[in-house]
Amino acid sequence: MRDFDHHGAAARDRRHGLAWGFVGVASFSLTLPATRVAVADLDPVFVGLGRAVVAAVLAAIVLAATRTKWPGGRLLPRLAVVAGGVIVGFPLFSAVAMRYVPASHGAVVIGLLPLATALAAAWLAHERPSRVFWWSAAFGSAVVVAFAFCQGGGAPQAADGLLALAAISAAIGYAEGGRLARTLGGWQVISWALVIAAPFVLVPTVLAADARLATASPAAWACFAYVSAVSMFVGFFAWYRGLALGGIAAVGQAQLLQPFLTIFASTLLLGEAIDASTFVAAALVIASIAMGRRAS
């Protein structure tokens with residue numbers, strides 16, 4: 001009976017983890033398009049790092065309101081890794097890249113992020129997914145990359161190096177954050193990481209503020225608000241909780257659906273058409289996630 005309860009609880013955690021992971025991915029799905037709209041009127045460094053300044057203010061308010069105690073200096077290096085990956089690295093590299101390539105092209109490289117996250121989980125969290133999982137993860141990534149190319153991703157460009165650095169930064173930040181979330185909770189991980197990073201991102205953000213702040217369109221400011229409050233803060237509550245419950249490598253594969261969620265959101269909000277290839281590719285990705293979940 002005890003073994004049954006243990007396996008039942010583990011299976012339940014995996015299900016809940018994947019569900020929380022999907023909530024996080026849904027919140028991230030508009031990040032690249034929103035970033036592209038924002039950097040059209042605002043400095044990319046201001047967008048890439050300024051979002052962390054806004055999110056850090058929100059995090060400080062939440063930590064103060066809940067009277068949450070500092071977890072201790074021993075966790076500072078690990079929180080610094082999270083901050084360097086998801087608060088500085090990914091936002092900055094992706095924001096600069098979005099000045100030179102369309103969001104559809106960015107999806108080609110970002111489509112490899114789930115596979116990179118699984119590799120980081122094996123390295124940092126010592127997770128050991130099965131061989132079937134790795135095959136399913138590679139297949140899902142290949143589907144996303146091929147789909148992005150077919151949808152107009154275009155030929156490789158110099159900015160792909162920045163997108164690759166963005167993906168590597170995020171993968172490391174996800175893996176370390178997922179580990180910390182098992183003891184701190186996802187909301188504390190991102191909140192403390194933001195507070196730690198705030199002094200370092202504030203100065204370049206202020207230096208990047210220029211006359212464009214006064215002339216930027218309402219759409220640019222709305223998108224900046226989205227990537228600050230949702231992409232950089234609230235979305236991580238669900239994302240890190242999912243990684244902690246369901247396993248970093250397994251739940252990380254949920255991000256394979258992010259390009260498709262972006263397309264579906266554009267259809268609902270902007271009335272854009274969806275062709276049959278989108279549904280076929282999404283179905284293949286869902287199959288790869290399901291296969292990887294069973295094998296992980």
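In the predicted model, helix 3 passes helix 4 in a right-handed crossing. The axes of these two helices come within 8 Å and cross at roughly 155 degrees. Because this angle is over 145 degrees, helix 3 counts as roughly antiparallel to helix 4. On the side of helix 3, the contact involves P44, V45, G48, L49, R51 and A52, which meet I87, V88, P91, L92, A95 and V96 in helix 4. Sorted by class, the residues of the contact between helix 3 and helix 4 comprise 10 nonpolar, one polar and one charged.

Helix 3 (residues 44-65) also packs against helix 9 (residues 186-208), with axes that come within 7 Å and cross at roughly 135 degrees. Helix 3 is therefore oblique to helix 9. The crossing of helix 3 with helix 9 is left-handed. Helix 3 contributes V45, F46, L49, G50, A52, V53, A55, A56, A59, A60, V62 and L63 to this contact, while helix 9 contributes W187, S191, W192, L194, V195, A198, V201, L202, P204, T205 and A208. The contact of helix 3 with helix 9 holds 20 nonpolar residues, three polar residues and no charged ones.

A further packing arrangement joins helix 9 to helix 4 (residues 76-97), where the axes lie 8 Å apart at an angle of about 75 degrees. Helix 4 and helix 9 are therefore roughly perpendicular to each other. L76, L79, V82, A83, V86, I87 and V88 of helix 4 form the contact with V189, I190, W192, A193, L194, I196, A197 and V201 of helix 9. The contact of helix 4 with helix 9 has 15 nonpolar residues, with no polar and no charged residues.

Charged side chains were examined next. Side chains of opposite charge can pair when their charged atoms come close. The count of salt bridges comes to five. R212 belongs to helix 10 (residues 212-215), whereas D43 lies in the loop between helix 2 (31-41) and helix 3, so the pair ties together parts that are 169 residues apart in sequence.

The confidence of the prediction was also considered. The protein chain has an average pLDDT of 84, and 88% of the residues score at least 70.

Key:
Residues are numbered from 1 along each chain as its sequence is written. This is a predicted model: local features need pLDDT of at least 70, side-chain atom pairs count only at pLDDT 80 or more; totals for chains, interfaces and linings use all residues. Side-chain values use heavy atoms; hydrogens and water are left out. Axes are lines fitted to C-alpha atoms, for helices over the stretch in contact, and angles run from 0 to 180 degrees between N-to-C directions. Helices (H or I, at least four residues) and strands (E, at least two) are DSSP runs, numbered from the N terminus. Angles under 35 degrees count as roughly parallel, over 145 as roughly antiparallel, 65 to 115 as roughly perpendicular and the rest as oblique. A crossing is left-handed if the near helix is turned anticlockwise from the far one by less than a right angle, and right-handed if clockwise. Contact means heavy atoms within 4.5 Å. Ala, Val, Leu, Ile, Met, Phe, Trp, Tyr, Cys and Pro count as nonpolar, Asp, Glu, Lys and Arg as charged, and the others, Gly among them, as polar. pLDDT is the predictor's confidence in each residue, from 0 to 100. A salt bridge is a side-chain nitrogen of Lys or Arg within 4 Å of a carboxyl oxygen of Asp or Glu.
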